[in-house]
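Student: I have a new model open and would like to understand the words used to describe it. Could we go through them together?

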Amino acid sequence: MHTVQVLNHLVQDNQVLAYLVIFVGLIFEGEVVVITAGVLSYLGVLDFWTALFFILAGGITKTFSVYYLGEFIYRKYNQHSLLKYLERRVLYFLPRFKQKPFWSIFISKFIMSVNFWVIVFSGYNKINYKTFLKAELISTIIWAPSLFCLGFFFSQTALALSKEINKFSLLIFIFLVVFLLFDKLAANFYRIFEYFKNGNIDNGNGNKQ
């Protein structure tokens with residue numbers, strides 16, 4: 001039976017590509033990429049500090065580039081119907097975004113598939129740049145190492161249970177699915193908390209529900 005050494009050799013032979021994937025992946029999403037980087041770093045196929053550097057570099061690049069993308073969209077397409085959908089999506093998870101932009105941007109970093117659109121929305125709405133930058137940088141500094149270390153834990157646990165590559169990969173996949181479900185559940189609990197705290201939620205159309 002093949003062991004995880006097969007995976008080790010595969011990644012080691014393509015380390016430059018692996019670091020590039022980490023950097024680009026952080027711009028568009030992040031959670032799965034960071035956890036996977038942690039898994040591979042624990043196995044010793046990626047250098048811990050190099051991987052962490054590319055994770056933080058990708059996250060910071062996303063912070064700046066996507067904010068300016070939002071500003072560009074505002075200048076060129078501020079009447080487009082897609083922006084109404086974007087606003088509804090952001091306010092669905094973060095109903096007090098306009099009242100508390102700092103905490104909304106900060107929290108969005110920990111909600112999968114939301115942070116990217118929140119950054120676009122911040123640029124589009126011209127949220128105070130210092131407020132935006134402070135929230136994004138602080139959250140990234142907390143979020144990135146935390147998920148990276150979570151990948152370490154997943155890898156260590158899976159390796160303790162099996163060194164066979166098929167079983168190891170399956171265990172990592174199960175851990176990822178459980179994490180993503182937990183992340184989704186936590187996001188919904190946060191939204192419910194905001195709902196009861198404020199009594200109503202803006203649905204993005206100026207109406208309350």
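Tutor: Gladly! Helix H7 (residues 115-124) is largely enclosed by the rest of the structure, because nine of its 10 residues are buried. Helices are DSSP runs of H or I, at least four residues long, numbered from the N terminus. This is a predicted model, where local features need pLDDT of at least 70, side-chain atom pairs count only at pLDDT 80 or more, and totals for chains, interfaces and linings use all residues. Residues are numbered from 1 along each chain as its sequence is written, and side-chain values use heavy atoms, leaving out hydrogens and water.

Student: Why is Phe116 called buried?

Tutor: Buried means under 20% relative accessible area, exposed over 50%, and partly exposed in between (1.4 Å probe, protein chains only). Phe116 has 15%, so Phe116 is buried. Trp117 has 38%, so Trp117 counts as partly exposed.

Student: What makes Phe116 and Trp117 an edge-to-face pair?

Tutor: Rings of Phe, Tyr and Trp (its six-membered ring) pair if their centres lie within 6.5 Å; planes under 30 degrees apart are stacked, over 60 edge-to-face, and the rest tilted. Phe116 and Trp117 are 5.1 Å centre to centre with 85° between the planes, hence edge-to-face.

Student: How do you know that Lys109 lies over the face of Trp143?

Tutor: The test asks for NZ of Lys or CZ of Arg within 6 Å of the ring centre and within 35 degrees of the ring normal. Lys109 is at 5.3 Å from the ring centre of Trp143 and is listed as lying over its face.

Notes:
Helices (H or I, at least four residues) and strands (E, at least two) are DSSP runs, numbered from the N terminus.
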